[in-house]
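Look at the model first, then read on.

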Amino acid sequence: MNADIRVFLGCVLTGAHASRERHLHRARIIQAAIHECWSLDDPWRVKHLRWFLQQRTVSLSAVSRYHYWLTVWVIARRRGREQDWGPHLRGVWCQPG
């Protein structure tokens, strides 16, 4: 299921090695949560990503929610959908604190 995340996101991830690894780790968590709920191997649709942000980050700190949103934004960038998905990905998670 998540073996291809590194390949999928690798072309858009920049910055320090540790930052890239954190994005990959969060992307795996997002993918697993969506797969658990809908049994989708390709979960990268805006409705599923928004569901994750709304439902699965509720109990996290504002900073953690923000980091998950950043990872979702990387996924949107990889899909070439920042413009289309941007309005749907706005929420309380867009601010780090």
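## Tryptophan 51

Tryptophan 51 lies in helix H3, residues 46-56. Helices are DSSP runs of H or I with at least four residues, numbered from the N terminus. The model is predicted: local features need pLDDT of at least 70, side-chain atom pairs count only at pLDDT 80 or more, and totals for chains, interfaces and linings use all residues. Residues are numbered from 1 along each chain as its sequence is written, and side-chain values use heavy atoms, with hydrogens and water left out.

Tryptophan 51 has a relative accessible area of 16%. It is therefore buried (under 20% relative accessible area, with a 1.4 Å probe and protein chains only). Beyond residues up to four places away in sequence, tryptophan 51 touches Ala33, Ile34, Cys37, Trp38 and Arg56. Contact means heavy atoms within 4.5 Å. Isoleucine 34 is 17 residues away along the chain, with a C-alpha separation of 8.6 Å from tryptophan 51.

## H2 against H3

The axes of H2 (residues 17-38) and H3 come within 10 Å and cross at roughly 95°. Axes are lines fitted to C-alpha atoms over the stretch in contact, and angles run from 0 to 180 degrees between N-to-C directions. The two helices are therefore roughly perpendicular (65 to 115 degrees). H2 contributes Ile29, Ile30, Ala33, Ile34, Glu36, Cys37 and Trp38 to the contact. H3 contributes His48, Leu49, Trp51, Phe52 and Arg56.

## Histidine 23

Histidine 23 is also placed in H2. Its relative accessible area is 14%, so histidine 23 is buried. Outside four places in sequence, histidine 23 contacts Leu13, Leu70, Thr71 and Val74.

Methods. Buried < 20%, exposed > 50% of the residue type's maximum accessible area, 1.4 Å probe, protein only. Parallel < 35°, antiparallel > 145°, perpendicular 65-115°, else oblique.
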